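Subject: Structure for you to look at

Hello,

Here is the structure I promised to pass on. Please open it first, then read my notes below.

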Amino acid sequence: MKQLLLRSLIVITAIAFTVGCSAKNDKNIEDIIPVISLTAGESRDVIVSDLFYSPNYNLILQANNNFTAKFDKTSETLTITANEDFEGLAFLDFELDGNLYSIPVTSRIENYYSFSFKPGKQYDILTLFGTFNGWNRQELPMKDEDNDGTFEISIPLEPGVYQYKFYGDGDEIVDPLNPVKVPNGMGDFNSVREITEDDADKLFLHVDNFEETNSDQVFSFIAEYNNKSALTPQDVYALLNNEKVAAENIEIKGSRIIVGIPMTELSEKDLLRVAVSKNGKVSNVQHVMLFDGEPAGNNDFSWYDATIYSLMIDRFNDGDESISVKVEHDSLFEKANYMGGDLQGVIDKLNDGYFTDLGINTIWISPVYDNPNEAFREFPAPHRFYSGYHGYWPIHHQRVEEKFGTLETLKQLVQTAHKNSIKILLDFVSNHTHEQHPFYKEHRDWYGVLDLPNGEKNLR
């Protein structure tokens, strides 16, 4: 068990460490420089050391017609201002110690949407709040500019589904003009507004194929879009690590994009990133991790090739009803109690071929540690009670929760998964323990304690 937990932790740590690394050790920059997102007409300051590490940051910026960029060497801050009419993707090129690199920069023109409300009584302060601003009741004040009794506000929104309400002097108000609403779980409703995207604007990039020639590694992608204008090499943005792929190495055949990388430019480990930007729209960025010039997964298993299914044991499948025991408490809601899912239930689904049929090669399961058999009250209001069905209240780091199974069942799960060419990731709880854990009992003075109603206590 100890070895299994340690191995999972090492794997997760290794993925986090290596995902941003490039293999060209003769270059100053080994980190993969992320995309910088801008809003048209606005500026953004970025600390360059947050983008990549370098022994020095003597950047020499190249001019770009889509935005202006300035670099302050004293504060090592990069300030980028997108043109008011720039929407799409472009590269900010810069030179560092004789090497040329590119930072991918996206910009979008915000679309504003109006909300209006004509209250039946007077409010001193009336605001809009919802999922688009984290339910902040003070951030978006509504105004009646023409004194017609209707309060209005326009806010920028991307396509999506949003829940919202109006807030007046302590009252939460559902939009009376919007018939679409959903229960909010607290005895009331939230209004719902959907911002749709025109099908003509959709742009998505798919990975297609890989082949090896005598001199090049050739990667192909398929652009899915509804615009009738043909793709050109200028619509394709490709980076090998942090360097632009030369235009002559990009070929367009209809909606098929072919990127050829000379063998001489490849090393032990590289990252190819490809995206399409057309008519102001930007596709998803496809990442192809390369080992010795070949995509991850072509040979031995790589964590870059993992297709992960994440599951919560208690809510997945009940394979052993004899251990399905609920926590008894008069104020514990059913959904906050154990539901009966267990390790045997995962084993049964492995044997049924459920994961294999989905193309899964890695399963990430919730914590298996022993958890308390009592309900505990949350500190924030409304102080509801919960059980440890989720597995994040470990009371011992070497015992398996008896409602999930035994250590032997856990070993059987791992063995069964491996027989099906599936790896297991264990969720490692390293941030905290439950108050019933031996460590807490031994070092109780280290912890603060908060008072709850009725004289109860909870950890700070």
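**The chain overall**

Of the chain's 460 residues, 42% count as buried (under 20% relative accessible area; exposed is over 50%, partly exposed in between, with a 1.4 Å probe and protein chains only). This is a predicted model: local features need pLDDT of at least 70, side-chain atom pairs count only at pLDDT 80 or more, and totals for chains, interfaces and linings use all residues. Residues are numbered from 1 along each chain as its sequence is written, and side-chain values use heavy atoms, with hydrogens and water left out.

The chain has six helices and 34 strands. Both are DSSP runs numbered from the N terminus: helices are H or I with at least four residues, strands are E with at least two. Take contacts (heavy atoms within 4.5 Å) between residues at least 6 apart in sequence. Of these, 66% join residues at least 24 apart.

**The largest pocket**

The largest pocket holds about 600 Å³ of space. Its lining has 28 residues, and the closest to the centre are Glu-87, Arg-108, Pro-159, Glu-197 and Lys-281. A pocket here is an open set of points on a 1 Å grid over the protein atoms alone, where a 1.4 Å probe fits, with protein on both sides within 12 Å along at least five of seven lines; lining residues have an atom within 4 Å of a point. Grid points are joined across faces, edges and corners, and the volume is the space filled by probe spheres set on the points.

Strands E1 (36-39), E7 (99-108), E16 (203-212) and E23 (281-282) each give the lining at least two residues.

**Strand E6 and its partners**

Strand E6 covers residues 88-96, and eight of its nine residues are buried. E6 pairs with E7 in the antiparallel sense over nine bridges; strands pair if DSSP finds at least two bridges between them. Asp-93 stands opposite Ser-102 in E7. Strand E3 (residues 60-61) also pairs with E6, again antiparallel, over two bridges. There, Leu-61 has Phe-94 in E6 as its bridge partner.

Two residues lie between the strands in the hairpin of E6 and E7. Asp-97 is in that loop. Asp-97 is not a glycine, yet its phi is positive, at about 50°. Most residues other than glycine have a negative phi. Asp-97 is partly exposed, at 43% relative accessible area.

Asn-147 also has a positive phi, about 55°, without being a glycine. Asn-147 sits in the loop between strands E10 (140-141) and E11 (151-156). At 67% relative accessibility, Asn-147 is exposed.

**Helix H3**

Helix H3 spans residues 343-352, and its buried residues are Leu-343, Gly-345, Val-346, Ile-347 and Leu-350. Their cover includes strand E26 (308-311), helix H4 (354-357) and helix H5 (407-419). At the start of H3, a side-chain oxygen of Asp-342 comes within 3.4 Å of the backbone nitrogen of Gln-344. Gly-353 follows H3, with a positive phi near 80°.

**Ser-387**

Is Ser-387 buried or exposed? Ser-387 is buried, with a relative accessible area of 0%. Ser-387 lies in the loop between strand E30 (385-386) and E31. Beyond its neighbours within four places in sequence, Ser-387 has contacts that include Val-327, Leu-332, Tyr-338 and Trp-393. Its side chain reaches the backbone oxygen of Ala-336 at 2.7 Å.

Best wishes

Terms used. A polar contact is a pair of N or O atoms within 3.5 Å; within protein, one must be able to donate a hydrogen and the other to accept it, and residues adjacent in sequence count only if both atoms are side-chain atoms.
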